[in-house]
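I am opening a notebook on a structure that is new to me. I want to go from the overall outline to the sheet, and then to the charged pairs.

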Amino acid sequence: MKETPEEVVDIFTDGACSGNPGPGGWGAILRSQGREKEMYGGGAETTNNRMELMAVIEALKALKRPVRARVHTDSQYVQKGISEWIHAWKKRNWLTAGKQPVKNADLWRALDHEAARHHVEWLWVRGHAGHAENERADALAQRGVDNYRG
C-alpha cells in the first residue's frame with residue numbers, strides 16, 4: 001500500500017458546453033498551502049460530460065508529485081463514475097451493464113490513471129448554488145467555451 005502524502009490540495013472543477021455537443025470548456029482551481037492556481041481549456045465540438053472529466057484530468061495532471069487531493073465537482077457523473085461505476089466498467093472490459101461501450105471511456109481511463117497517482121477524495125457540491133469556488137470554476141469553464149465559440 002502506498003504511503004499517504006501529507007500535502008493536501010483542494011481542487012474545484014467545472015465543465016460547460018454551448019450546445020451539447022458544441023463548443024465546450026473546462027475550468028479548475030487548485031488550492032494548497034495558501035496558494036491558488038487557475039486553469040482552463042476547451043474544445044470545438046464536445047459535450048458537457050467530456051468537459052467535466054477534462055477539468056479533473058487536467059487538474060490532477062498539473063500536480064507535480066503525489067498528494068492528498070480533495071476534488072470538489074458539481075458533476076454527479078464524474079463523482080459517481082470514478083468512485084462507484086468505474087469498477088464494474090473495468091471488470092466488464094469497458095462495457096455497461098447493458099453490454100454497450102462506456103461513453104467517454106478514453107477520458108475515464110485517463111482519469112483513472114491520473115487519480116491512481118494520488119489519494120483522492122471525491123466530493124460533490126451543488127452547482128450554481130452560491131458555492132464560491134464552484135462559481136469561479138464555472139467562470140473559467142465559460143472562458144474555455146468562449147475560446148472555441150465561432
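The entries below record what I looked up, beginning with the ground rules.

**Ground rules.** I am working with a predicted model, in which local features need pLDDT of at least 70 and side-chain atom pairs count only at pLDDT 80 or more, while totals for chains, interfaces and linings use all residues. Residues are numbered from 1 along each chain as its sequence is written, and side-chain values use heavy atoms, with hydrogens and water left out.

**Overall outline.** I looked up the elements and found 4 helices and 5 strands, taken as DSSP runs numbered from the N terminus (helices are H or I, at least four residues; strands are E, at least two). Read from the N terminus on, their order is β-β-β-α-β-α-α-β-α. The C-alpha atoms fill a box of roughly 45 × 45 × 25 Å along the principal axes. For 150 residues a compact globule would have a radius of gyration near 15 Å, and the protein agrees with 15 Å; this radius is taken over C-alpha atoms, and the globule rule is 2.2 Å times the number of residues to the power 0.38. I also noted that buried residues make up 47% of the 150 residues, where buried means under 20% relative accessible area, exposed over 50%, and partly exposed in between (1.4 Å probe, protein chains only).

I then traced an open sheet of 5 strands, whose order is 3-2-1-4-5 and whose pairing is mixed. Strand 3 (35-46) and strand 5 stand at the edges with a single partner strand each, so one side of each is left without a neighbour in the sheet. From one strand to the next the twist averages 20°, with axes being lines fitted to C-alpha atoms (for helices over the stretch in contact) and angles running from 0 to 180 degrees between N-to-C directions.

Pairing here requires that DSSP finds at least two bridges between two strands. Strand 1 (residues 8-17) runs antiparallel to strand 2 (residues 22-32), joined by 8 bridges, and Asp10 has Arg31 in strand 2 as its bridge partner. Strand 1 is also joined to strand 4 (residues 68-73), in parallel and by 6 bridges, with Val9 opposite Ala69. Strand 4 in turn pairs in the parallel sense with strand 5 (residues 119-124) over 6 bridges, where Thr73 is partnered by Trp124. Helix 4 (residues 132-148) lies across strand 1, strand 2 and strand 3, at about 140° to strand 2.

**Charged pairs.** How many salt bridges does a search of the whole structure find? I counted 11, a salt bridge being a side-chain nitrogen of Lys or Arg within 4 Å of a carboxyl oxygen of Asp or Glu.

One of them joins Asp106 and Arg50, with the closest N and O atoms 2.9 Å apart. This pair links distant parts of the chain, helix 3 (residues 105-115) and helix 1 (residues 48-61), across 56 residues. Asp106 is partly exposed at 44% relative accessibility, and Arg50 is partly exposed at 23%.

Glu84 and Lys80 form another salt bridge, at 4.0 Å from N to O; both lie in helix 2 (residues 76-91), 4 residues apart, about one turn of the helix.

Glu114 and Arg117 form a salt bridge at 2.7 Å, in which Glu114 is buried at 8% and Arg117 is partly exposed at 29%. Finally, I noted one network in which salt bridges that share partners join Arg31, Glu36, Glu38, Glu133 and Arg136.

Key:
Contact = heavy atoms within 4.5 Å.
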